[in-house]
Every structure is written in C-alpha cells, then in structure tokens.
Amino acid sequence: MAAPWHGKSGCATFNSAEVVHLTSWELSFTDNAATAATAGDDWKYNLSGIQDFSVSARCLSQLGWDTISTLGANAVLKLSIGGASEPYYQGNAIATAITETIPADGIGTIDYTFAGSANSGLTYNATGGVSPSGTSDPVQGKRLKVVLDNTEFAMPREWTINLTCDAAEAAYAHATNNYMLRLPGIKSATATVTTVASENIIAKVGQAYQLDLYRTQTAADGYYSGEAVLTSVPLTVDVGGIVMAVYTFAFTGTVELKTI
C-alpha cells in the first residue's frame with residue numbers, strides 16, 4: 001500500500017522490543033545550521049551543520065511493564081509508518097526521559113523521549129516496517145496505591161513518576177559523519193502524588209521516605225520503589241471542589257520497578 005497511511009498501523013521498537021500499547025510517535029529531524037552573515041550582506045548566509053533527531057512516543061501503561069530497564073539505554077530505534085510492508089525510519093537513540101501517570105479516573109499512560117546517538121544518523125527504508133501488536137493488558141487507575149514508609153495514602157487520586165537520563169553531546173569533526181553523537185549519563189527521578197487532603201498530613205517537607213507507587217493493588221502488576229525526599233506539599237482549597245494535596249518527591253538514588 002502506498003501513502004497515505006493511517007496511524008493505527010504505526011509501530012515503534014527499541015532495542016528489538018516493541019514499545020507496547022503505542023498511541024502515537026513523533027519524529028523531529030533537524031540540521032543545526034550555522035549563520036555566516038557578515039558586514040555588507042543583506043541576507044543571512046547559513047551553512048549546514050550537525051544533523052540531529054529526536055522522537056517522542058505516547059503509550060498506554062501495561063501491567064508488569066519494566067520502564068526502568070529502558071531508561072538510559074543506547075540502542076536501535078525503529079519507527080514504522082504502516083506495518084510490515086511499508087516504510088520505516090531507523091537509527092541509534094538514547095531513552096532520555098520516561099514519564100508514567102496513573103490516574104484514578106482513567107487509563108495509565110507512558111511518555112517516552114529519545115535522542116539520536118550515532119554518527120550514522122537516521123535512515124529511511126521503503127519497506128520492512130513492523131506491525132503493532134495491539135492492546136493486551138492496559139492499566140485502569142481505579143485501583144492505584146501509594147505507600148509512604150509502610151503507610152498507605154487513604155485517598156489517592158493520581159501519581160506521576162518522571163524518569164530522566166542526562167545525555168552528553170559528543171559530536172566531533174569528521175570527514176564523513178554529520179550527525180549528533182550522544183553518550184548516556186546519570187539517571188534521576190521525581191514523582192508527584194495527588195490526593196484528597198485529610199486532617200493529618202503524614203509527611204514533612206525535607207524528610208526522606210520509602211516511596212512505593214503501585215499501578216494496582218497487586219504488586220505483580222508493577223510498582224516503583226525507592227527512597228525519596230518530600231520537597232513540597234501545596235494544598236488547594238476551592239469553593240467549587242474538594243480540598244486537594246499534591247506531594248512532590250525527589251528520589252535520592254536508585255529507583256526500581258518491582259513485580260513481586
């Protein structure tokens with residue numbers, strides 16, 4: 001089938017594994033042109049520089065899905081447009097950011113950000129794409145759970161975890177390579193927990209706690225775990241709604257995705 005293509009057949013794979021439950025991907029391909037205008041010129045004169053690409057992808061959360069193993073990985077990213085016999089783009093990339101949000105009143109989502117990381121850049125292939133597998137076990141957040149130092153939040157409404165991996169630009173002059181090269185660096189994570197406010201704010205700003213963010217009440221469905229410092233707890237009071245509290249945490253070190 002030739003263009004046009006319908007997005008329902010799009011697919012993304014990273015490190016030979018499908019980015020499951022994909023709802024969209026977006027590719028940005030750029031050239032860092034350098035301006036060379038001088039006195040006497042009426043128009044800017046631009047010279048082609050180092051080429052670069054980045055990709056964002058949104059997916060539905062999946063029970064048991066291990067996002068931690070993807071963060072900071074430097075691997076082949078394949079972006080298929082319309083299935084197995086249709087075009088695809090391919091290039092090495094680093095997974096620089098992953099954000100998962102589980103709301104009590106909807107479907108969980110995961111957002112991925114990838115940055116190009118190879119002198120070979122991005123290639124286009126006319127055929128050989130990958131067909132998506134569809135939906136098997138998405139996460140409905142109505143059974144989410146948040147535990148702080150073995151004390152469960154009584155009325156959670158939503159949690160979000162932001163996982164990042166710094167990537168250092170390592171491009172250098174070369175006779176033939178014209179693309180951005182990156183190296184993965186240090187990982188970090190923050191989280192927010194939105195709850196219905198209660199009389200007892202059980203945590204204090206500036207203290208470190210064991211924070212566990214469960215997709216469901218079942219540990220085997222996957223939960224994030226690590227020590228985190230509580231950095232703020234704003235309360236929102238509005239005559240038109242329920243009083244809410246938003247806890248913001250900064251993880252102090254390693255974050256794990258457990259399925260036990």
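In the protein chain, 70% of the contacts with a separation of 6 or more are between residues 24 or more positions apart; contact means heavy atoms within 4.5 Å. This is a predicted model, in which local features need pLDDT of at least 70, side-chain atom pairs count only at pLDDT 80 or more, and totals for chains, interfaces and linings use all residues. Residues are numbered from 1 along each chain as its sequence is written, and side-chain values use heavy atoms, with hydrogens and water left out.

**Overall composition**

The protein chain has 0 helices and 17 strands. Helices (H or I, at least four residues) and strands (E, at least two) are DSSP runs, numbered from the N terminus. Taken along the principal axes, the C-alpha atoms fill a box of roughly 70 × 50 × 35 Å. Of the 260 residues, 39% count as buried. Buried stands for under 20% relative accessible area, exposed for over 50%, and partly exposed for values in between, with a 1.4 Å probe and protein chains only.

**Strand pairing**

Two strands are said to pair if DSSP finds at least two bridges between them. Strand S5 (residues 74-80) has 5 of its 7 residues buried. Strand S1 (residues 11-14) runs antiparallel to S5 and is joined to it by 4 bridges; here Phe14 has Leu77 of S5 as its bridge partner. S5 also pairs with strand S6 (residues 88-103), again in the antiparallel sense, over 7 bridges. In that pairing, Ser80 stands opposite Tyr88 in S6.

From S6 the pairing continues to strand S11 (residues 156-169), which is antiparallel to S6 and joined to it by 7 bridges. Glu100 stands opposite Ile161 in S11. S11 is in turn joined to strand S12 (residues 182-196) by 12 bridges, and these two strands also run antiparallel. Asn162 has Thr190 of S12 as its bridge partner. In a regular strand the side chains alternate between the two faces of the sheet.

The table lists these pairings.

| Strands | Bridges | Example of facing residues |
|---|---|---|
| S1 and S5 | 4 bridges | Phe14 and Leu77 |
| S5 and S6 | 7 bridges | Ser80 and Tyr88 |
| S6 and S11 | 7 bridges | Glu100 and Ile161 |
| S11 and S12 | 12 bridges | Asn162 and Thr190 |

**Largest pocket**

The largest pocket holds about 260 Å³ of space. Of its 16 lining residues, Gly7, Lys8, Gly10, Leu22 and Thr23 are the closest to its centre. On a 1 Å grid over the protein atoms alone, a pocket is an open set of points where a 1.4 Å probe fits, with protein on both sides within 12 Å along at least five of seven lines, and lining residues have an atom within 4 Å of a point. Grid points are joined across faces, edges and corners, and the volume is the space filled by probe spheres set on the points. Strand S3 (residues 22-35) gives the largest share of the lining, 4 residues. By class, the lining has 6 nonpolar, 8 polar and 2 charged residues. Nonpolar covers Ala, Val, Leu, Ile, Met, Phe, Trp, Tyr, Cys and Pro, charged covers Asp, Glu, Lys and Arg, and the others, Gly among them, are polar.

**Individual residues**

Asn119 lies in the loop between strand S7 (109-116) and strand S8 (123-125). With a relative accessible area of 17%, Asn119 is buried. Its side chain makes a polar contact of 3.1 Å with the side chain of Tyr172. A polar contact is a pair of N or O atoms within 3.5 Å; within protein, one must be able to donate a hydrogen and the other to accept it, and residues adjacent in sequence count only if both atoms are side-chain atoms. Not counting residues up to four places away in sequence, Asn119 touches Tyr172, Asn177, Asn178, Tyr179 and Leu181.

Met244 belongs to strand S16 (residues 244-251) and is buried at 16% relative accessibility. Beyond its neighbours within four places in sequence, Met244 has contacts that include Arg157, Val196 and Leu235. Its C-alpha atom is separated by 10.0 Å from that of Met155, 89 residues apart along the chain.

Ala208, in strand S13 (residues 208-214), is partly exposed, with a relative accessible area of 41%. Ala208 and Val229 are 21 residues apart in sequence, and their C-alpha atoms are 4.1 Å apart. Leaving aside neighbours within four places in sequence, Ala208 is in contact with Asp149, Glu227, Ala228 and Val229.

Asp149 is in the loop between strand S9 (145-148) and strand S10 (151-152) and is partly exposed at 39% relative accessible area. Its phi is near 50 degrees, a positive value in a residue other than glycine. Asn15, in the loop between S1 and strand S2 (17-18), likewise has a positive phi, near 55 degrees. Most residues other than glycine have a negative phi.
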